[in-house]
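Let's take a walk through a protein model together. Have a look at the structure first, and then follow along paragraph by paragraph.

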Amino acid sequence: MLLSIDDPMKVEVPQLDNLLSLDGYLKPFEREIRRRYGCFRKVVDQIEKAEGGLEKFSRGYEQFGLHVNPDNSITCVEWAPLAQGLFLKGDFNEWNKLSHPFKKLDYGKWEITIPANPDGSCPIKHMSQVKVGLLTPQDSMEDRLCPWATYVLQPPKPEGTAYRHHFWNPPPDQRYTFKHPKPRKPLSLKVYECHIGIGTSELKVGTYKEFALNVLPRIKKLGYNAIQIMAIMEHAYYASFGYQVTSFFAASSRFGTPEELKELIDTAHSMGLYVMLDVVHSHASKNVLDGLNEFDGSDSCYFHGGSRGTHSLWDSRLFNYSNWEVLRFLLSNLRWYLEEYKFDGFRFDGVTSMLYHSHGIGEGFSGNYNEYFGLNVDTEAVIYLMVANYMLHLLNPDTITIAEEVSGMPALCRPVEEGGGGFDYRLAMAIPDTWIKLLKEQTDDDWSMGNIVHILENRRYKEKAIAYAESHDQALVGDKTLAFWLMDKEMYTSMSKVSPPNLIIDRGIALHKMIRLITNGLGGEGYLNFIGNEFGHPEWLDFPRVGNQESYHYARRQWNVVDDSLLKYQYLNNFDAAMNHLEEKYGWLHAGPGYTSTKHEGDKIIVFERGGCVFVFNFHPNKSYTDYKIGVGACGKYKMVLDTDAEEFGGHKLLDHNTEFLTSNEGYNNRPHSLMVYIPSRVAIVLAKVD
């Protein structure tokens with residue numbers, strides 16, 4: 001697909017003026033913004049002309065792959081442009097390699113139709129195995145899995161490791177029927193990032209059914225309104241965390257069947273939970289036998305040939321986003337999860353890798369706008385993301401898309417109509433890095449209040465960000481969670497409520513709450529937490545692999561420690577729930593940016609206002625302050641609505657929650673009014689006006 005524009009300045013971008021008014025630094029790059037929009041428009045117009053529009057084009061899964069026709073015959077269509085021949089084989093023909101050849105069509109497509117059995121039944125039974133036989137350009141016969149397979153299974157260990165395609169076509173009475181409507185997108189997005197397999201306390205792979213029964217109620221009780229599910233797209237290597245996808249249309253069979261995943265999502269919807277898929281379109285596993293790689297016998301097909309088609313760090317294949325059939329495959333993949341499984345939104349993995357020819361490897365990204373509009377930018381990937389976001393929001397305006405993006409590409413989270421990338425949010429990836437760096441490298445006395453506030457506030461105006469103190473990245477083996485950085489080995493011996501007082505545990509519990517609250521309050525327009533981190537999950541995350549003797553000890557969540565009323569993990573869990581429920585009441589995440597009036601380096605005090613609430617943090621390791629003066633924007637009477645030092649959060653109960661705070665008309669720190677607070681060491685409070 002040729003992406004060229006004769007005169008970019010003649011391209012009409014419907015709402016470009018709005019984008020340029022938000023960020024004047026983009027004006028010198030107007031030509032490039034118009035060029036990108038022109039390329040996007042060209043792709044959409046070509047799809048409209050050749051395929052009848054995105055609505056039809058994104059339903060490729062209805063044409064490609066194996067399908068049962070109304071008369072019970074089977075049709076299979078594949079795209080393998082450099083193949084010399086394709087053959088269908090499996091249980092249905094006793095694995096005869098040549099008896100069922102495909103017919104070659106135009107544009108690299110192949111088709112086969114198998115008539116119904118004499119008794120009218122379908123020739124390929126539900127759950128029977130099938131493979132595509134490939135006659136390669138090198139004249140060899142090879143086995144391949146259908147790229148559109150919807151259910152693949154790992155064979156018994158003695159039979160190898162390559163996944164096998166089992167035709168998923170259950171009878172009507174075994175198909176799950178959705179019962180609950182999809183929820184509207186939340187105003188304040190509070191995301192619980194989760195993984196089905198580790199969602200159990202047992203030494204095994206957790207299941208969809210167990211997760212729906214045991215974990216979803218926890219998430220709802222904690223006050224999250226969305227879940228982001230990792231590792232759904234099938235991946236042959238469990239320890240890849242789902243990021244080395246082998247079968248894009250197959251929901252992972254290690255956790256259960258497609259129908260059981262549908263039931264999980266429907267159960268989440270019944271609780272009002274918005275469900276997002278962690279989608280991996282940035283790269284694909286290089287597996288050949290059970291992946292997309294070399295599907296037609298060449299090193300290209302779905303990917304770029306040569307070095308451009310390989311990610312040097314991830315050892316995986318890179319999509320050719322300019323190819324018509326690759327566009328169909330990826331857009332249809334998004335549509336599949338929307339339609340078949342009723343996912344509500346998507347978190348796009350590895351967006352930085354997609355945006356740049358360098359894949360961000362070794363890039364510092366200083367913030368100079370030339371980095372975002374130069375020759376290092378991969379126009380084809382940018383256009384794919386624009387088309388994908390445009391399509392998703394066209395199909396359902398309540399769809400949310402999140403970019404895992406670290407470079408800070410301007411306008412990535414502005415509407416496509418403005419010339420932006422079309423994402424709703426980007427992950428604020430600098431925030432968790434900052435917290436880890438502080439805990440790892442500095443004493444509490446050396447923490448800079450100004451730097452903390454800068455990192456939390458440093459995001460593009462009117463481009464929404466998801467703030468988080470830690471995600472799955474920090475939980476993985478080789479790194480440590482915040483709880484582990486804070487409390488380390490003391491967690492093994494001093495987390496009992498009847499243990500002797502322990503200064504390390506006291507500090508850890510106090511800072512764990514404060515870090516999460518200030519991140520939630522100031523860091524973004526959405527908030528994310530990784531499964532188990534809300535209660536300071538002990539230890540790290542490590543999947544079964546040769547290096548750990550295939551152990552599941554660290555590939556699970558130890559719910560037993562938070563359910564034990566004698567352990568202090570409950571304090572952190574209680575606080576997380578209280579914070580989320582308070583946000584639900586006051587809505588500071590969607591209330592616009594906070595205003596920070598105090599960041600006092602000596603006192604270690606931070607004060608900011610957001611969503612009608614006043615947040616006060618004392619990070620000093622040993623100084624408490626009585627009658628500490630703070631500025632506020634609105635006059636009147638305030639009350640304390642959250643106190644990290646409360647008894648139910650493992651605090652010392654130093655504050656009287658019945659205290660009323662009356663403002664003075666004396667301005668302070670550039671605020672028109674002021675009031676006095678008592679703020680103990682390592683304590684944060686939230687004040688709200690009394691009606």
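This is a predicted model: local features need pLDDT of at least 70, side-chain atom pairs count only at pLDDT 80 or more; totals for chains, interfaces and linings use all residues.

**Strands side by side**

Strand β26 (residues 637-643) and strand β27 (residues 660-662) run antiparallel and are joined by three bridges. Strands here are DSSP runs of E with at least two residues, helices are runs of H or I with at least four residues, and both are numbered from the N terminus. Two strands pair if DSSP finds at least two bridges between them.

Residues are numbered from 1 along each chain as its sequence is written, and side-chain values use heavy atoms, with hydrogens and water left out.

Now find another sheet. Here four strands form an open sheet in the order β1-β2-β5-β4, with antiparallel pairing. β1 (65-68) and β4 (103-104) stand at the edges with a single partner strand each, so one side of each has no neighbour in the sheet. β1 pairs with strand β2 (residues 74-79) over four bridges, and G65 stands opposite V77 in β2.

Let's step back to the whole chain. How many helices and strands does the protein chain have? There are 15 helices and 29 strands. The radius of gyration of the chain, taken over C-alpha atoms, is 27 Å, close to the 26 Å that the globule rule (2.2 Å times the number of residues to the power 0.38) gives for 691 residues, so the chain is as compact as a globular protein of that length. Buried residues make up 60% of the 691 residues. Buried means under 20% relative accessible area, exposed means over 50%, and partly exposed lies in between (1.4 Å probe, protein chains only).

What lies inside? In soluble globular proteins, nonpolar side chains tend to be buried together. A nonpolar core is a set of buried Ala, Val, Leu, Ile, Met, Phe, Trp, Tyr and Cys residues joined through side-chain atoms within 4.5 Å. The largest one has 193 residues, of which Y302, F348 and Y384 touch the most other members. Helix α8 (residues 379-395) gives this core its largest share, eleven residues. A second, separate core of 18 residues includes I630, Y638, L655 and V677.

Finally, zoom in on two residues. R347 lies in strand β17 (residues 345-348). Is R347 buried or exposed? R347 counts as buried because its relative accessibility is 2%. Beyond its neighbours within four places in sequence, R347 is in contact (heavy atoms within 4.5 Å) with residues including Q228, Y243, D278 and H472. With D278 there is a polar contact between the two side chains (3.0 Å). A polar contact is a pair of N or O atoms within 3.5 Å; within protein, one must be able to donate a hydrogen and the other to accept it, and residues adjacent in sequence count only if both atoms are side-chain atoms.

D542 lies in the loop between β21 (526-530) and α14 (559-563). D542 is buried too, with a relative accessible area of 7%. The side chain of D542 makes a polar contact with the side chain of R545 (2.9 Å).
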